[in-house]
Amino acid sequence: MFESLKLSELGKKQCRILRRPSSTRPTIWCVEENGVRAVVKDFSTNKFLFRNTIGRFLVWRERKAYRKLRGIRGVPSLYRIIDGLALVLEEIPGRSLKSLERGTQVPDMFIEALKDLIDKIHLRGVVHCDLKKTPNILLGDDGLPYIVDWGASISRREFRFFPLNLVYRRFISDDYLAITKLKLRRCIALVTPEETERYNERSRGERFVRIIRDKLREVLQRIA
């Protein structure tokens, strides 16, 4: 799918720009071919050095995540990679949680489905690492959750040795804490005392792992 799509032609076709590039962020395009719409995450519009180092690295890493998660409902399909510089991804009809009006409730079913989706992702040995950012979770038009933007994700295999395995477990916890954060903002009646306690936990060991995690997340977010 989208086999004929070329990066050099994106600006000439009837393509809509969803986000313009910055010094470290790719252009996001919305494209259509044979009635099928897709989102293109395009690093070819960044400066030469960045796109051919960090840009190619991020495309490679994100492709790995999408391949590991292939077939999971709630994770967009990866259609193809173009020239090692862009990912062509399934467009998900819906809205990001960030775009919802303040105070808007989300259905209980959505929370349960999000938990189930994160469970499936973790079983594949992948952690998103950035779910507390509400633009990364979509409320689909079908009422179901979708998770996007896998540039900062990590795999269990990469973090299997001590002490990185502790950080990996912390990132797993963070993915679930994103659900608690969502409940606190959108459906506080569903938050249990245990979830609140876990969300605010600050033991000595916890603080140490969080320091390592935060430094690593800062690096991942900067390059992603």
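This is a predicted model: local features need pLDDT of at least 70, side-chain atom pairs count only at pLDDT 80 or more; totals for chains, interfaces and linings use all residues.
Seen down the axis of H2, the buried residues fall within an arc of 130°, so they line one face of the helix.

**Helix H2 and its surroundings**

- The residues of H2 that are buried are Phe110, Ile111, Leu114, Leu117, Ile118, Ile121 and His122, whereas Glu112 and Leu123, on the other side of the helix, are exposed.
- The partners against which the buried residues of H2 pack are strand E7 (126-127), strand E8 (137-140), strand E9 (145-147) and helix H3 (164-186).
- Just after H2, the chain passes through Gly125, which takes a positive phi of about 80°.

**Nonpolar cores**

- The largest nonpolar core has 31 residues, and those with the most contacts inside it are Val75, Leu97, Phe110, Leu114, Ile121, Ile147 and Trp150.
- Two or more residues of this core are given by each of helix H1 (48-68), strand E5 (86-90), H2, E8 and H3, and the largest share, six residues, comes from H2.
- Apart from this core lies another, of 13 residues, which includes Cys15, Leu85, Ala86 and Val88.

**The five-stranded sheet**

- Five strands form an open sheet in the order E1-E2-E3-E5-E4, and their pairing is antiparallel.
- Strand E1 (16-19) and strand E4 (78-82) are the edge strands, each of which pairs on one side only.
- On average, and with direction ignored, neighbouring strands of this sheet are turned by 25° against each other.
- Within the sheet, strand E2 (residues 27-33) and strand E3 (residues 36-42) pair in the antiparallel sense over seven bridges, and Val31 has Ala38 of E3 as its bridge partner.
- Helix H1 packs on the sheet, where it touches E3, E4 and E5, and the direction of H1 makes about 30° with that of E5.

How values were computed:
Residues are numbered from 1 along each chain as its sequence is written. Side-chain values use heavy atoms; hydrogens and water are left out. Buried means under 20% relative accessible area, exposed over 50%, partly exposed in between (1.4 Å probe, protein chains only). Helices (H or I, at least four residues) and strands (E, at least two) are DSSP runs, numbered from the N terminus. The arc is that of the directions from the helix axis to the C-beta atoms. Contact means heavy atoms within 4.5 Å. A nonpolar core is a set of buried Ala, Val, Leu, Ile, Met, Phe, Trp, Tyr and Cys residues joined through side-chain atoms within 4.5 Å. Two strands pair if DSSP finds at least two bridges between them. Axes are lines fitted to C-alpha atoms, for helices over the stretch in contact, and angles run from 0 to 180 degrees between N-to-C directions.
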